[in-house]
Amino acid sequence: LRLRSDFEEDYILKYIGATEKKLKTTPAPARQILHSMLADLYWQYYQQNRYRVLDQTVVSGSISDDIATWDAKKLVDKVSSNYLESLDDAKLLQSVSLKMYDPILQVAEGSRKFRPTLFDFLAHRAADFFMNEEASITKPINPFVMKDLSMLSKPDEFARLKITTPDSLSFHFNALNLLAQLEKFHLSDKEPDALVDATLKRLEFVHDKINQPDKDSVYLST
């Protein structure tokens, strides 16, 4: 796909079509990787066509399969659902070493200690999307708002925290859930690198978004 982009026009639409077809016949865990790639392709398409998409009339009821007719909500929902599907069967993904995927990754020196498994890699990709403010272009009636300072607690406490909201599709809610899964997964690690990395990411995110006057002192204390 990457090589074809050098000489094909409308390559993203062709990538999307080809990848959607492969999903039906691809077993796990390669299927989850394709979902993550597909999410990124849909998001690239949105970013390249942002102004046209945002001017698109919101369609109710049945929506055409033609991506060119989709409004922003439809496109973002498609990105979101593919990122969530990329984490289907978390236990399987947690058992798969990321090392075998080096041929399709840009590997930085020492990065393996922060992303030891396929679950880490895919979960961080998804969390990065849900933390992206531009992605939250559609606002629900009852949006998820961070108010509980426990969201700035240490990893073992945060992993036990029950986060609920009527807006289960909230991007910030999904980002917190993914980061909680990452921290819970690494709580018992002998080496703390992956856990600390996920925790610092969550703390910075919550500190930036939470609406509490004492957030600075709690953040620094943790």
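The legends below describe close-up views of a predicted model.

**View 1. Helix α2 and its buried residues.** Helix α2 is made up of 19 residues. From first C-alpha to last, α2 reaches 27 Å, close to the 27 Å expected at 1.5 Å a residue. The buried residues of α2 include Gln32, Ile33, Leu34, His35, Ser36 and Leu38. Also among them are Ala39, Leu41, Tyr42, Trp43, Tyr45 and Tyr46. The elements that cover these buried residues include α1 (11-23), α3 (50-54), α4 (72-85), α5 (90-94) and α6 (118-130).

**View 2. The aromatic pair Trp43 and Tyr46.** The structure holds 10 aromatic pairs. One of them is formed by Trp43 and Tyr46, whose rings are stacked at 4.9 Å centre to centre with 20° between the planes. Trp43 and Tyr46 are three residues apart in helix α2 (residues 30-48), so about one helical turn separates them. Trp43 is buried, at 7% relative accessibility, and Tyr46 is buried with a relative accessible area of 1%. Ring pairs join Trp43 and Tyr46 with Tyr83, Phe129, Phe130 and Phe171 in a cluster.

**View 3. Charged side chains over aromatic rings.** Lys74 lies over the face of Trp70, 4.9 Å from the ring centre. At Phe158, the charged end of Arg202 sits over the ring, 3.9 Å from its centre.

**View 4. The salt bridge between Glu20 and Lys78.** The count of salt bridges in the structure comes to eight. In the one formed by Glu20 and Lys78, the closest N and O atoms are 4.0 Å apart. This pair links distant parts of the chain, with Glu20 in helix α1 and Lys78 in helix α4, 58 residues apart. Glu20 is partly exposed at 24% relative accessibility, and Lys78 is partly exposed at 24%.

**View 5. The salt bridge between Asp197 and Arg115.** The closest N and O atoms of Asp197 and Arg115 are 2.7 Å apart. Because Asp197 lies in helix α9 (residues 193-209) and Arg115 in the loop between α5 and α6, the pair ties together parts that are 82 residues apart in sequence. Asp197 has a relative accessible area of 24% and is partly exposed.

**View 6. The salt bridge between Asp128 and Lys201.** The side chains of Asp128 and Lys201 meet at 2.6 Å, N to O. Distant parts of the chain are linked by this pair: Asp128 is in helix α6 and Lys201 in helix α9, 73 residues apart. Asp128 is partly exposed, with a relative accessible area of 41%, whereas Lys201 is buried at 16% relative accessibility.

Note on methods: Residues numbered from 1 in each chain as written. Predicted model: local features only at pLDDT ≥ 70, side-chain atom pairs only at ≥ 80, totals over all residues. Heavy atoms only, no water. Phe/Tyr/Trp six-rings, centres within 6.5 Å; stacked < 30°, edge-to-face > 60°. Helix = DSSP H or I, 4+ residues; strand = E, 2+ residues; numbered from the N terminus. Buried < 20%, exposed > 50% of the residue type's maximum accessible area, 1.4 Å probe, protein only. Lys NZ or Arg CZ within 6 Å of the ring centre and 35° of its normal. Expected span 1.5 Å × (residues − 1). Contact = heavy atoms within 4.5 Å.
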